[in-house]
Amino acid sequence: MTATTGYPSEILLAQPRGFCAGVDRAIEIVERALTLFGSPIYVRHEIVHNAYVVDDLRRKGAIFVESLDDVPDGATLIFSAHGVPKAVRTRAIDRGLRVFDATCPLVTKVHMEVAKLRAEGFEIVMVGHRGHPEVEGTMGQASAGMHLVETAADVAALKLADPDRLAYVTQTTLSIDDATEVIGALKARFPAIREPKKQDICYATQNRQDAVKFMAPQCDVVIVVGSPNSSNSNRLREVAQKRGVPAYMVDAPEQIDPAWLDGKQRVGVTAGASAPEALAQAVVERLRQLGASYVRTLDGVQENVSFPLPKGLALPA
């Protein structure tokens, strides 16, 4: 697209963008626990990967920890949306902590797949990003027989006890295109590998990536609202970049560098599944201050998914 000089005149908003049902549910679990039991409420790891959300809950009385050693006896503990290893869950229960599980139900689905496959004697390859808490949680559902791969090169290096009894699962927030490449390598090397009955990459991840694929060709630059440690937000930035469009990720509107917009006519805006709409609108307002005069929301999937809360969090009538 040929851009004019100066700053953008039009903002295109991706649809859908922002919070998914799993994130909505996780935040509500923390807020209800604070209402019912008072502060402090302990949360293992950031409830979702967004600094704005975490800071807001911290102000309300949530304490985020990485180790159960930092949770006092008798406390209320919430597991983050990313899930936890089986050993962490067992230890928390053994300590008698009041536990609420905010693991996204779509991540729980993968955990259940792992348990079932291991019970049937399968080794499991997980496609995911090393060090991500969701990956650590899923890999931690079994004490053995799990292998992590990130790339097709990792697939080539796999050493297995029984290649004929092999299955795979994936991290829910992967790039669909990248996952397809790695899964293709797995199927090429292990033709009999068992795959999930339904893909593990979640509906929200897929919908947001599809929306960026639709938006990016119409833009001169894309801004993704999301925190640096948000896997799904990083994948949105990569999706745009792979289509030849400059893309940047920001955690707050003041992080926008006006130089990114110089000579750009149309700027696309999206938000990761853990980024609130309030932040996306703050970014839009900042772009208006930089010269954009028109905002257009693109066509896209309308999501109406919701997940039930754990028992014990009903508010009094």
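Residues are numbered from 1 along each chain as its sequence is written, and side-chain values rest on heavy atoms, with hydrogens and water left out. Since the model is predicted, local features are reported at pLDDT of at least 70 and side-chain atom pairs are counted only at pLDDT 80 or more, whereas totals for chains, interfaces and linings use all residues.

The domain assignment, with bounds taken from an automatic or database source, divides the chain into domain 1 (10-19 + 203-297), domain 2 (21-104) and domain 3 (109-189). Helices (DSSP runs of H or I, at least four residues) and strands (runs of E, at least two) are numbered from the N terminus, and two strands are said to pair if DSSP finds at least two bridges between them.

Strand 4 and strand 5 pair in the parallel sense over four bridges, and the bridge partner of Ile 78 in strand 5 is Phe 100.

Ser 80 is placed in the loop between strand 4 (76-79) and helix 3 (86-94). With a relative accessibility of 1%, Ser 80 counts as buried, on a scale in which buried means under 20% relative accessible area, exposed over 50%, and partly exposed in between (1.4 Å probe, protein chains only). When neighbours within four places in sequence are left aside, the contacts of Ser 80 are Arg 44, His 45, Glu 46, Ile 47, Ala 102 and Thr 103.

A further open sheet has five strands in the order 10-9-11-1-12, again with parallel pairing. Strand 10 (247-250) and strand 12 (294-297) each have a single partner strand, so that one side of each is left without a neighbour in the sheet. The twist averages 25 degrees from one strand to the next. Strand 9 (residues 221-225) and strand 10 run parallel and are joined by four bridges; in strand 10, Met 249 is the bridge partner of Val 224. Helix 9 (residues 231-241) lies across strand 9, strand 10 and strand 11 (266-271), and runs at about 165 degrees to strand 10.

The centres of domain 1 and domain 3, taken over C-alpha atoms, are separated by 31 Å, and ten residues from domain 1 and ten residues from domain 3 take part in the contact. About 780 Å² is buried between these two domains, 43% of it given by carbon and sulfur atoms, where buried area is the accessible area (1.4 Å probe) that two parts lose on being put together, summed over both. In domain 1, the residues that lose the most area to domain 3 are Thr 205, Ser 231 and Arg 235, which together account for 45% of what that side buries.

Salt bridges were assigned where a side-chain nitrogen of Lys or Arg lies within 4 Å of a carboxyl oxygen of Asp or Glu, a rule that gives a count of 22. Three of these salt bridges are found across the interface of domain 1 and domain 3. Lys 242 and Asp 178 also form a salt bridge, with the closest N and O atoms 2.5 Å apart.

Glu 31, Asp 56, Arg 59 and Lys 60 are linked in a network of salt bridges. Lys 60 and Asp 56 approach to 3.2 Å between their closest N and O atoms. Arg 59 is exposed at 65% relative accessibility, whereas Asp 56 is partly exposed at 25%.

Key: Contact = heavy atoms within 4.5 Å. Axes fitted to C-alpha atoms, helices over the stretch in contact; angles between N-to-C directions.
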